[in-house]
Amino acid sequence: MTTQDNTVVAFPTKPDGPAPSSFERIWGKKVKSHGYAAIPTILIRSQHRLGINSTQFCLLIHLLDLFWSPDRPPFPTKQQLADRIGIKPTSIKPNMKALETAGLIQRVQHKTSAGDWGANTYHLDGLIQKIKDLEPDFDMEKKKRLAERKRVETPKGKRPKEQ
């Protein structure tokens, strides 16, 4: 009869730092080091419902990318936005006007310390409120989807009687 070696298996060790976020696991640490924007899924799924075209949606995404703190609304120049998106600066104004008319943004002009007109400040309170107003519809849809999933996963003989 042969004897086997007694081998001790060590417990896995915990990593030294915090576990990487989902974002970091997908995109990597180097990409994450350049920052990222929080874009609510409701905004993405509601583009058509909000009545905004692709350029207006893209402008909102860029404004959200620059919106780092609730007490400091973004204030990019039209030229900066045009350069980021790859459109002419003259296309920015009518699209921002449409977003303002839709109640999604509020443009506030301000003067520089030299007395010149500076970049607009873009308040996104309207967009934020509209997304919050849409949330109950998405919550109801989510509950219906989960209930339907539960229904189809339950064997037919164990499902409650449908009325």
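How many aromatic pairs does the structure hold? There are 2 aromatic pairs, where rings of Phe, Tyr and Trp (its six-membered ring) count as paired if their centres lie within 6.5 Å. The model is a predicted one, in which local features need pLDDT of at least 70 and side-chain atom pairs count only at pLDDT 80 or more, while totals for chains, interfaces and linings use all residues. Residues are numbered from 1 along each chain as its sequence is written, and side-chain values use heavy atoms, leaving out hydrogens and water.

A pair of aromatic rings is described by the distance of the centres and the angle of the planes. For Phe 23 and Trp 27, the centres lie 6.4 Å apart and the planes meet at 35 degrees, so this pair is tilted (planes under 30 degrees apart count as stacked, over 60 as edge-to-face and the rest as tilted). Both residues sit in helix α1 (residues 22-27), 4 residues apart, which separates them by about one helical turn; helices are DSSP runs (H or I) of at least four residues, numbered from the N terminus.

Phe 23 also pairs with Tyr 36: the centres are 4.5 Å apart and the planes are at 25 degrees, so these rings are stacked. This pair links distant parts of the chain, as Tyr 36 lies in the loop between α2 (29-32) and α3 (41-45), 13 residues from Phe 23 in helix α1. Together, the ring pairs link Phe 23, Trp 27 and Tyr 36 into a cluster.

Technical notes: Helix = DSSP H or I, 4+ residues; strand = E, 2+ residues; numbered from the N terminus.
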